[in-house]
Amino acid sequence: MVRADTLARVSKEIATARAADPGMRLLLGHGSGSFGHFPAQQHGTRRGVASPEQWRGFTEVWRQAAALNHLVMDALHAAGLPAVAFPPSASVLAADGTILAWDLQPIRGALEAGLLPVVFGDVAFDTVRGGTILSTEDLFVHSALNLKPARILLTGDEEGVLANYLSNPQLIREITPASYSQIIANLSGPAVPDVTGGMVGKVEAMLGLIDQLADCQVRIFSGLVPGNIQKAISGASLGTLLKHD
């Protein structure tokens, strides 16, 4: 179920942040939430696609991801944003769950034109698995290695990366590749179906990226707090900071 009011507010915050910095180049990504994760879990799509039933599941995950993206794009345009969607299922080829080929020139062109390119968690054809699912973090990691952004902002329900989530949640203010080995034992898995790894998957994907792009910083923070997204885009220190040692 879409939180329409939250989606509208988030879109307006992005529009306000862009208006304050007209030269900003921003690539926006969103996950599939309950739309894609439940059918993906039911059919095991992330692990691979081979049988006719699994291919039908593949198309159902695609349909749900596209349906959510349609709602997101409507909200972005209602906020006055020049958003253009780039569905991974139509442009990305994977190999055993890892992006093998993705022509980023159209996204570069959108950025240079002052548009807002939008990517999202989606199914993809895979040379090893037949089909798979690529998360927004998968897409961010691959695109960042080519586009080399200064910052990556990941927003969700939680205020950041939380230790002891199920018993005594505490915000972890900063994580580096060196400190992660001491932190991982205190991180809990996702409370709802998330076939792409939940918070642990996000953190590990971003730390792997930071290890290759030492100047890139990542923030994980809550988008449910009004104003947070606008503040984060504008450079505020929110949530958990992931950076190089």
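**Reading the chain and its second largest pocket**

Mentor: Buried residues make up 45% of the 245 residues in the chain, where buried means under 20% relative accessible area, exposed over 50% and partly exposed in between, with a 1.4 Å probe and protein chains only. This is a predicted model, in which local features need pLDDT of at least 70 and side-chain atom pairs count only at pLDDT 80 or more, while totals for chains, interfaces and linings use all residues. Residues are numbered from 1 along each chain as its sequence is written, and side-chain values use heavy atoms, with hydrogens and water left out.

Trainee: What radius of gyration would a compact globule with 245 residues have, and what does the chain have?

Mentor: The radius of gyration is taken over C-alpha atoms, and the globule rule is 2.2 Å times the number of residues to the power 0.38. For 245 residues a compact globule would have a value near 18 Å; the chain has 17 Å, which agrees. Along its principal axes the C-alpha trace spans about 50 × 45 × 35 Å.

Trainee: Which secondary structure does the chain contain?

Mentor: Helices (H or I, at least four residues) and strands (E, at least two) are DSSP runs, numbered from the N terminus. Here there are 8 helices and 13 strands. Contact means heavy atoms within 4.5 Å; among contacts between residues at least 6 apart in sequence, 71% join residues at least 24 apart.

Trainee: Which residues line the second largest pocket?

Mentor: On a 1 Å grid over the protein atoms alone, a pocket is an open set of points where a 1.4 Å probe fits, with protein on both sides within 12 Å along at least five of seven lines; lining residues have an atom within 4 Å of a point. In this case the lining consists of Arg-46, Gly-97, Thr-98, Ile-99, Arg-129, Leu-134, Asp-138, Val-141, His-142 and Leu-145. Helix 5 (136-147) and strand 4 (98-102) each supply at least two of the lining residues, and helix 5 gives the most, with 4.

Trainee: How much space lies in the second largest pocket?

Mentor: A volume is the space filled by probe spheres set on the grid points, which are joined across faces, edges and corners. For the second largest pocket this comes to about 180 Å³.

Trainee: Where are residues with a positive phi that are not glycine?

Mentor: Asp-96 has a phi near 55°. Asp-96 lies in the loop between strand 3 (92-95) and strand 4, and it counts as partly exposed because its relative accessibility is 42%. Lys-148, with a phi of about 50°, is found in the loop between helix 5 and strand 8. At 54% relative accessibility, Lys-148 counts as exposed.

Trainee: Is Thr-240 buried or exposed?

Mentor: Thr-240 is buried, because its relative accessible area is 0%. Thr-240 is placed in strand 13 (residues 240-242). Leaving aside neighbours within four places in sequence, its contacts include Val-161, Ile-172 and Ile-220.

Trainee: With which residues is Glu-158 in contact, leaving aside its neighbours within four places in sequence?

Mentor: Glu-158 is in contact with Tyr-165, Phe-221 and Ser-222. Glu-158 is found in the loop between strand 8 (151-156) and strand 9 (162-163), and at 28% relative accessibility it counts as partly exposed.
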